[in-house]
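Subject: Handover of a structure

Dear colleague,

Please find the structure below, together with the sequence. The notes that follow describe what was found in it.

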Amino acid sequence: MTQQFDILVIGGGPGGYVAAIRAAQLGFKTACCESNPYADPKGEPRLGGTCLNVGCIPSKALLHTSHLFHEAAHDFAEQGISVGTPKIDVPKMIARKTDIVSKLTAGIKGLFKKNKVTFLAGHGAFVGKSADGWKVAVGKEAVEARQVIIATGSSARHLPDIPVDNQIVCDNIGALDINAVPKKLAIIGAGVIGLEMGSVWKRLGAEVVILEGGADLLPAADIDIAKEAKKILTKQGLDLNFGVRIGAVKASKKGVSIAYTDKDGKAEKLEADRLIVSVGRVPNTEGLNAAAVGLKLNERGMIEVDAHCKTNLSGVWAIGDVVRGPMLAHKAMEEGVMVAEIIAGQAGHCNLDLIPSVIYTTPEIAWIGKTEQQLKTDGIACKIGKIPFMANGRALGIGAPEGFVKMLADARTDRILGVHIIGAGASDLIAEAVTAMEFAGASEDLARICHAHPTLSEVLHEAALACDKRALHF
Ligand SMILES: Cc1cc2nc3c(=O)[nH]c(=O)nc-3n(C[C@H](O)[C@H](O)[C@H](O)COP(=O)(O)OP(=O)(O)OC[C@H]3O[C@@H](n4cnc5c(N)ncnc54)[C@H](O)[C@@H]3O)c2cc1C
């Protein structure tokens, strides 16, 4: 028998589950299907997608544990605390991470129940059009829905001739389940995931060598942030190599050998215990049967959408990693809410210009808006307020004096155009900058707002003051 819904969401990641909850809140009869292999205790696929199962959440759990371990080993003594030589129980660390994932993914099933979203276990694929909607097969079940929201996300990009077994050669999935500290860890790709995973294992004692094809670190970041990050991460012991061309990769049960040429074209070979391949993500559009219904994809396999996530098919929407824009969980969630609200006749909105980027290294890196180099290219004159965390009492108190806040404000109007942070708490501090920019705030607006003392937020405050050359503490 065919199950009828107002809205069917295909994919239960942060884009999909949020879209489904919001749609149900707005009164639609809503279902969400999910087909991943991460089974919950009932044997059903877990909700939460890449983010909760093999992405944001597990990586941050491992980053936290490894940070504490590193602090205990290297930073406690300076504060008069002696704990001897700390030991890491990797299986316990992984079990803690898995437990957090289980709690959160189960929590989403609870939210579905609370909001009356029907969960359908199974792979969703278009079958055709019905009288007033779309026919979709979910596993063996037939479903009809007036509106379909595709939120099928992305998977790790693999390199040709480098088979990933998620034991010796890992993508993000295996990288989050490594069960012992490798002596030597190779990583291909110095993007966000490569840097975060490299940090985890470096802190736990591995020698980490990162091979990056690009000419330098973090090309999308503000130039000063990228430079500072390179300096700090190199000082932490990450062996960063740029302009590398990867050759033959040979894996055995014991390790992996990677042939490559360095930036000068010199042939090199790297022997490591494990390899993480983190060279970007590809959209999950295969298996949707997109061609059968004429769903338009772009040359990179992403679903083509307009600013409101409308596809070329009436009543079919697509959100999150499977469409253009940054592949970030919070962007996927925003689009999920937007689409549900537009379907309900409301003015759904997602500002793609103000999606914050965060890298959870130590120190954290976060930014919003334009970089200094983008403003130069666009011919926009700006004022720059740059304040180091070193000048902040709280930063010194918590032993985190590295980094700075750099604020860019329009030279003519004072409107904030970009905020770039490398320093402790950057992931939280950036929210204030996003808020100010969403309200089209000026640097003076932030400069005239009272910030609690002593807090790291005072660095942002001082950066705003510095845009007008009136910093008080630097
Ligand atoms: C290691 C790592 C760390 C990350 N850290 C962060 C971070 O700190 N912050 C951040 O914002 N982002 C982070 N990301 C990115 C983030 O995980 C993604 O941007 C986010 O999960 C995208 O959400 P989504 O809903 O579009 O897709 P996904 O989370 O990929 O979910 C899509 C879901 O759809 C399911 N699916 C696919 N096809 C079908 C089908 N045909 N039928 C049924 N189900 C289907 C998949 O199984 C999957 O569960 C990280 C990613 C990785 C890999």
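In these notes, a residue is near a molecule or strand if one of its heavy atoms lies within 4 Å of it. Around the ligand there are 37 residues, of which Glu34, Thr50, Lys60, Gly124 and Asp321 come nearest. This is a predicted model, in which local features need pLDDT of at least 70 and side-chain atom pairs count only at pLDDT 80 or more, while totals for chains, interfaces and linings use all residues. Residues are numbered from 1 along each chain as its sequence is written, and side-chain values use heavy atoms, with hydrogens and water left out.

The ligand

A nitrogen atom of the ligand lies 3.4 Å from a side-chain N or O atom of serine 35. The side chain of histidine 123 has a polar atom 3.4 Å from a nitrogen atom of the ligand. The backbone takes part as well: a polar backbone atom of leucine 328 is 3.2 Å from an oxygen atom of the ligand. The ligand taken alone exposes 990 Å², and the protein buries 92% of that (areas by the Shrake-Rupley method with a 1.4 Å probe).

Helices (H or I, at least four residues) and strands (E, at least two) are DSSP runs, numbered from the N terminus. Two or more residues of the shell come from each of α1 (14-25), β2 (30-34), α2 (49-54), α3 (56-75) and α9 (329-343). Helix α2 gives the most, with four residues.

Two strands pair if DSSP finds at least two bridges between them. Five strands form an open sheet with parallel pairing, in the order β8-β15-β9-β10-β11. Strands β8 (169-170) and β11 (239-241) stand at the edges with a single partner each, so one side of each has no neighbour in the sheet. Three bridges join β10 (residues 207-211) to β11 in the parallel sense; valine 209 has aspartate 239 in β11 as its bridge partner.

Yours sincerely

Definitions and conventions. Polar contact = N/O pair within 3.5 Å; in protein donor to acceptor, adjacent residues only side chain to side chain.
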